[in-house]
Amino acid sequence: MKRDPRSGKVGLIGTGMVGSSFAYCLMQSGLVSDLVLIDADRGRAEGEAMDLNHGLAFVRPMTIRAGEYADLTDAKVVVITAGANQRPGQSRLDLLQRNAAVIRDVVPKITAVCPETTIVVATNPVDILTQIAEDVAALPAGRVLGSGTTLDTARLRFLLGGHYAVDPRSVHAYVVAEHGDSALALWSMANVAGVRLEDFVSGSGRGYDRPALDAIFEQVRKAAYEIIQRKGSTYYAIGLALLSVVEAILRDQHTVLTVCSTMRGRLGLEGIALSLPSIVGASGIEAVLEIPMSDEERDGFRRSAAILSERLAELG
């Protein structure tokens, strides 16, 4: 019998809008018994803990507290959302220099007190920062992963569901590579209930229309920019995406998610983290799936890798 995951502890580094949204989702899920909030601004972490605690009468009992890195001992998962946020007009890669310093600072503090944990990185640019975190942590392969394109994939499923008038949960389509401007949709394997989009016809008679699909994916690419322009930042959906990753780890679900991890020879790539559908369970990433791609998709994936590798090299 698997151990009750509620006996576990989760740590959160960074209690800004993304971190606090994840904490709120986690509180409602009933997954854990102990959540430790850590922030460079101790008062911010304390305020979030107070606010969340005032809602505990409506959910399952748990402990939520502001703490220090020493309080992460025995944490099963530590989620990192700390760092500068994307501002209007900025790309995720524009945040690189500042947030790389954050990752290099916090990761050793995590592994010093809980070397058996799994680290989930959500700070942007998440692909490069996941690579840096993995290098710094020196944990076994799979135990450092990034939220990657989990949110992009959810956005694509939502928009395709609207396009074909079907439940997004019945849409199976992946966004891979960078969580950013060079991301790409794997149209060659996208399907609704197992029927490839090239063959699918909706109840209203809507069939395959590649220009329409490309326009939908352009909405996915621009979604963060559009939201940031209107409300300053994005946080609800990524909070839920992070919950799905953490739940897969705590419950050992073996869930397929488009998280990012270091390429180790896959598609001829090494030393850069990118997103591909991966099996996520108790040990983090248990396997990165061999996904069939068209020649066009392979080329796009490699272009994305080249962009990220160049920016990573600039950090020195």
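Me: What is the strand order in the open sheet of 3 strands?
Reply: The order is S12-S15-S16, with antiparallel pairing. Strands here are DSSP runs (E, at least two residues) and helices are runs of H or I of at least four residues, numbered from the N terminus; two strands pair if DSSP finds at least two bridges between them. Before we go on: this is a predicted model, where local features need pLDDT of at least 70 and side-chain atom pairs count only at pLDDT 80 or more, while totals for chains, interfaces and linings use all residues. Residues are numbered from 1 along each chain as its sequence is written, and side-chain values use heavy atoms, leaving out hydrogens and water.

Me: Which strands stand at the edges?
Reply: Strands S12 (255–257) and S16 (284–288) do; each has a single partner strand, so one side of each is left without a neighbour in the sheet.

Me: And how many bridges join S15 to S16?
Reply: There are 4 bridges between S15 (residues 278–281) and S16, and Gly281 stands opposite Gly284 in S16.

Me: Which helix packs on that sheet?
Reply: Helix H7 (residues 236–250) does, touching S12 and S15, and its direction makes about 65° with that of S15. Axes are lines fitted to C-alpha atoms, for helices over the stretch in contact (heavy atoms within 4.5 Å), and angles run from 0 to 180 degrees between N-to-C directions.

Me: Switching to H6: where does it bend?
Reply: H6 bends by about 55° at Lys222, taking the angle between axes fitted to the seven residues ending there and the seven starting there.

Me: Which of its residues are buried?
Reply: Ala212, Leu213, Ile216, Phe217, Val220, Ala223, Ala224 and Ile228 are the buried ones in H6. Buried means under 20% relative accessible area, exposed over 50%, and partly exposed in between, with a 1.4 Å probe and protein chains only. Their cover includes helix H5 (150–164), strand S8 (175–176) and strand S9 (184–185).

Me: Where is the cis peptide bond?
Reply: The cis bond joins Asn124 and Pro125, with omega about 0°. Pro125 lies in the loop between strand S5 (118–121) and helix H4 (126–137).

Me: What is phi like at Ala138?
Reply: Ala138 has a positive phi of about 55°, although it is not a glycine. Ala138 lies in the loop between H4 and strand S6 (144–146).

Me: Is Ala138 buried or exposed?
Reply: Ala138 counts as exposed, at 64% relative accessibility.
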